[in-house]
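Hello,

Here is the structure I promised to pass on. Please open it first, then read my notes below.

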Amino acid sequence: MSEKKMIYLQPTPVRIWHWLNALGIVTLCITGAQIRFPEYVNLFGTYKAAIRLHNTAGIVVSLSFSLWFFYYTLFAGTMAQLYIPKKEDLQSGIIRQAIFYFFNYFRGKPNPHHATPDNKFNPMQKSAYLAIMFVLVPLVSLTGIALMNIAPLRDLLIMMGGLKILVGTHFLLACSLCAFLFTHIYLATLGHTPFAYFVPMITGWEEVEEHGHEHKPVHDLGKHAEHVSS
Ligand code: HEM
């Protein structure tokens, strides 16, 4: 016997952080392209306007990052449980998930991971989100904040190799973040419909089917059934 059930997957602070962060980072990528390549990109009128918008978006991303960090560490207390991969995730989970994304998804097989509020991410997501949220976003924000405060940080910047090193590091980190964004959006469309994974990130809720003690997202069962019947 299976019955449909709604699970609350994405709490409100996480959704607010996520969409503020997404808007901020997309704005940073576009304004950053104009600042770096002003001869090819001119979407915001003047160079100064692009810099002003870039700085504002940077502040939005840094503040929303604090919301994400404090929500998961102080309020929910689930940061380590959700974001740190376990031994079995690293030993076999990542490979299993990669096989799903590269092959089994296209053969209509079900996703090997079933999200629950205590274990939202598959092993690949855990590792990628850990690197993005604990390394890339903090470093790109810190180098950006340093670039907004060149005069007061002059001595420190000289000690660390000068302005060119700082600008180059900020640019390379931003390119990595931009590359993540394309992959992230593509993988987020691999549910049973292109928007299936977007719904919980908008409403908070995901519909699952419960089989005894196990519950599976409706879309995975649908895919499996489709596969079996074909
Ligand atoms: C337009 C841009 C974006 C779209 C459409 C998008 C879409 C989504 C969707 C559908 C989910 C839920 C499914 C999943 O966990 O994969 C998600 C989760 C997530 N996204 Fe994005 N995303 C965007 C930008 C970003 C950016 C820029 C970052 C980080 C720099 C990011 C980091 C994350 C993280 C860490 C989660 C898991 C959040 C949690 O449940 O704690 N996303 N995103």
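Which helices do the buried residues of α4 pack against? They pack against α5 and α7. Helices here are DSSP runs of H or I with at least four residues, strands are runs of E with at least two, and both are numbered from the N terminus. Buried means under 20% relative accessible area, exposed means over 50%, and partly exposed lies in between, with a 1.4 Å probe and protein chains only.

First, the ground rules. This is a predicted model, in which local features need pLDDT of at least 70, side-chain atom pairs count only at pLDDT 80 or more, and totals for chains, interfaces and linings use all residues. Residues are numbered from 1 along each chain as its sequence is written, and side-chain values use heavy atoms, with hydrogens and water left out.

**The whole chain**

The protein chain has nine helices and three strands. Along the sequence, the pattern is β-α-α-α-α-α-α-α-α-β-β-α. The C-alpha trace spans about 65 × 40 × 35 Å along its principal axes. Of the 230 residues, 35% count as buried. Now look at the contacts, meaning heavy atoms within 4.5 Å. Take those between residues at least 6 apart in sequence: 68% of them join residues at least 24 apart.

**The iron site**

Find the iron atom of the ligand. H18 (NE2) and H184 (NE2) coordinate this iron atom at 2.0 Å. H18 lies in helix α1 and H184 in helix α7, so the pair ties together parts that are 166 residues apart in sequence. Donors are N, O and S atoms within 2.8 Å of the metal (3.2 Å for Na, K and Ca); water is not among the atoms, so sites may look incomplete. The iron site has six donor atoms, with angles of 85 to 179° among them, and is octahedral. For six donors, that label requires opposite donors over 155 degrees apart and all other angles between 65 and 115. Ideal angles for six octahedral donors are 90 or 180 degrees. H18 is buried, at 12% relative accessible area.

**Helix α1**

α1 has 25 residues. From its first C-alpha to its last it reaches 35 Å, close to the 36 Å expected at 1.5 Å a residue. The expected span is 1.5 Å times one less than the number of residues. The buried residues of α1 include W17, H18, N21, I25 and L28. V14 is also in α1. V14 is buried, with a relative accessible area of 4%. Leaving aside neighbours within four places in sequence, V14 is in contact with Y71, Y72, K120 and M201.

**Helix α4**

α4 has 16 residues, which should span 22 Å; its end C-alpha atoms are 23 Å apart, which agrees. α4 bends by about 50° at G93. The bend at a residue is the angle between axes fitted to the seven residues ending there and the seven starting there. D89, G93, Q97, F100 and Y101 are buried in α4. Q97 has 1% relative accessibility. Setting aside neighbours within four places in sequence, Q97 is in contact with N111, P112, H113, N122, P123 and M124.

**Helix α5**

α5 covers residues 123-148 and has 26 residues. It reaches 36 Å from first C-alpha to last, close to the 38 Å expected. A kink of about 35° is centred on I132. At the start of α5, a side-chain oxygen of N122 comes to within 2.9 Å of the backbone nitrogen of M124. The buried residues of α5 include P123, Y129, I132, L136 and V140. What covers the buried residues of α5 includes α1, α2, α3, α4 and α7.

F182 and S64 are 118 residues apart in sequence and 21 Å apart in space, C-alpha to C-alpha.

L190 sits in the loop between α7 and α8. L190 is buried, with a relative accessible area of 6%. Not counting residues up to four places away in sequence, L190 touches Y101, Y105 and Y197.

Best wishes

Key
Polar contact = N/O pair within 3.5 Å; in protein donor to acceptor, adjacent residues only side chain to side chain. Tetrahedral: all angles 85-135°; square planar, octahedral: opposite > 155°, others 65-115°.
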